[in-house]
Amino acid sequence: MSYLKIKKSFSYRDLLYKVLVFAGTVALIVYFLPREGKFSYQFDLNKPWKYGQLMATFDFPIYKDEAVVKKEQDSLLASFQPYYRLNKTVEKDAVRKLKENYKKHLNQIVPSVGYLHHLEKTLKEIYAKGIASTEDISQIKKDSVTFIMVVEDKLANQQLAGNVYSVKEAYEYLLSADTIHYKKEILRRGSLNEYVLPNLNYDSEKTEAAKKELLDNYSWANGVVQSGQKIIDRGEIIDQRTYNILESLKKESIKRSESIGQKQLILGGQILFIGILMLCFMLYMELFRKDYYERKGSMPLLFSLIMFYCIVTALMISNNLFSIYIIPYAMLPIITRIFLDSRTAFITHVITILACSITLRYPHEFILLQLTAGLVAIYSLRELSQRSQLFRTAILVIVTYIVLYFSFELITENDLSKLNRSMYIYFVINGILLLFTYPLLFLLEKIFSFTSNVTLVELSNINNNLLRQLSETVPGTFQHSLQVANLAAEAAIRIGAKSQLVRTGALYHDIGKMENPVFFTENQSGGINPHEKLSYEQSAQIVISHVTDGVKLAEKHNLPKVIKDFITTHHGKGKTKFFYISWKNEHPDEEPDEELFTYPGPNPFTRETAILMMADGVEAASRSLPEYTEESIGNLVEKIIDSQVEEGYFKECPITFKDIAIIKGVFKEKLKTIYHTRISYPELKK
């Protein structure tokens, strides 16, 4: 019962972890997705409609073309009459001031009272027509206004704009109204400009209200499309009327989506869409790659890549930055393939592209291009060990983009001169950015604790400091490691395991022997064996210590964990059989302390570590064969590997009997080649 409780508790924690990962990913992606309105169709005048039949789902007006709207509104505004408010007080004040000044000093300038009556009459005539400021007169002329509306009290009367005086015109008219009876020279001395002031003031509030009312009554539409009405069908040419209908539908669709209620619906739809995609992705992981939940770095890497591309795409679309076709989406499946596997790389790529596509107005060609480019990238770069491989993949991705987009344009365009050349430039930039995968791998390795083939290739270079030290300190062990590496790598290739990983692990699996080199037979010379002076327990402990010493050296030189796994598992939890059996033979009636003769382990837990254990055992034992024949080599390989299987070393790793049979065959072939008998060359007879 206690076991069941423990298992149930663990399951709840596991479920909580998955729910938190799911919810966090969906929330973060949706947060950055744009929610402004968009229209899902792309169309051009006099081009065929490339989508299916389009039906109106709601009533909407057919808006006039912008050029028509501007022309008609300009025509309306040309006959518009601005409002000016008449100030009667100005006229009264001017006439009163004139009379007062005449009594004070004008009577000395003006020869008779007739001048006073003339000026009073002329002023009333001028003010009756109206005087406006210089700025208002300029605006009237600029707008080509024919009539104005003069507001007097609460009534507005139409008046010819040309009859309105400016201050200067009113003054000139006052001087020259009757030059026969009244001389200008005498009138000019009377400072008549003091009595000429604007009495018409522009009424901006009333004018703008009238203008708004005029435009509000303007009809922006010249028809209506009813819900359920067919707009256009596939292949039909978009004429001017249909184009206006589509533009009207686009405008209404965007207007409807900008309301708060519509934005909430968009948000709900985005959450649902991204949620379904991420649920499908996690179901795939649960069904086919369950071990990734437990493997350190796998889940964080996958979800980080998905979120990164979705967020970058959303930000570029929201801020209208460059073109999304310069984003190297193919980098995602390449990274996933290098660190994990091809199937997961493709599924991750599909989920990401579908999630990114909802930010686009025209997602169809985007999905088509990106999925195809991703497949090409996965197929062309199964293992990255050289920079030239990445360069080749970038070229293939660029060619895929160009060919696919060109074929798409041939389908939709009927004129080669109208090809979108800028898109091909974007594809080249995309391929160039794809080359940055190489330095990015190093950063991702450190963050998510992965080891790429690039790192493994660098580590397997025999000029590496640690390997050079191994070859100088323990040359026998170094030669043994090289032979094991060749055997194991060939076997890994045959069964579809990671050959580069096995090769690198084999080169480092015995580095611990550098601490006590003379205690291992391959490094002994001159017939001196230091084990003769030690007890079997002491000898066993020294031999076993090469595993722990190897781990310490690996940590000192910052070797990846996957390499340390080869060091700890190449003997598993086996025994130092020579010393263990020798002790038992000398003490037949006693039981030994098993721990003193047992390696710390663990046993192999991957196919690669299992291959190394087999190769290590077979290569070491092959050196002790008295003769190298096909039969003796075959018997040795069968004996060593069968004993490892019987002792249960491979119970915890996913290796099959078929794999083991293939590995045996590889080892036999390779050992026969290594130990073949060369012919004797004849001597020249004299």
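S144 lies in the loop between α5 (134–142) and β5, where helices (H or I, at least four residues) and strands (E, at least two) are DSSP runs numbered from the N terminus. Although S144 is not a glycine, its phi is positive, about 55 degrees. Another backbone feature is the cis peptide bond from G601 to P602, with omega near 5 degrees. P602 belongs to the loop between α24 (577–586) and α25. For context, most residues other than glycine have a negative phi, and most peptide bonds are trans.

The model is a predicted one, in which local features need pLDDT of at least 70 and side-chain atom pairs count only at pLDDT 80 or more, while totals for chains, interfaces and linings use all residues. Residues are numbered from 1 along each chain as its sequence is written, and side-chain values use heavy atoms, with hydrogens and water left out.

Turning to the strands, β3 (residues 83–86) runs parallel to β5 (residues 147–152), joined by 3 bridges; two strands pair if DSSP finds at least two bridges between them. Within this pairing, Y84 has V150 of β5 as its bridge partner. Strand β3 is also joined by 3 bridges to β8 (residues 200–202), here antiparallel, and R85 stands opposite N201 of β8.

Among the helices, α22 (residues 536–556) packs with α23 at an angle of about 170 degrees, the axes being 8 Å apart. Axes here are lines fitted to C-alpha atoms over the stretch in contact, and angles run from 0 to 180 degrees between N-to-C directions. The two helices are therefore roughly antiparallel, a term for angles over 145 degrees. Contact (heavy atoms within 4.5 Å) involves V547, G550, V551, A554 and E555 of α22 and K564, I567 and T568 of α23.

Finally, the largest pocket has a volume of about 1800 Å³, this being the space filled by probe spheres set on grid points joined across faces, edges and corners. A pocket is an open set of points on a 1 Å grid over the protein atoms alone, where a 1.4 Å probe fits, with protein on both sides within 12 Å along at least five of seven lines; lining residues have an atom within 4 Å of a point. Of its 50 lining residues, R295, F339, K498, L501 and V562 are the closest to the centre.

Technical notes:
Angles under 35 degrees count as roughly parallel, over 145 as roughly antiparallel, 65 to 115 as roughly perpendicular and the rest as oblique.
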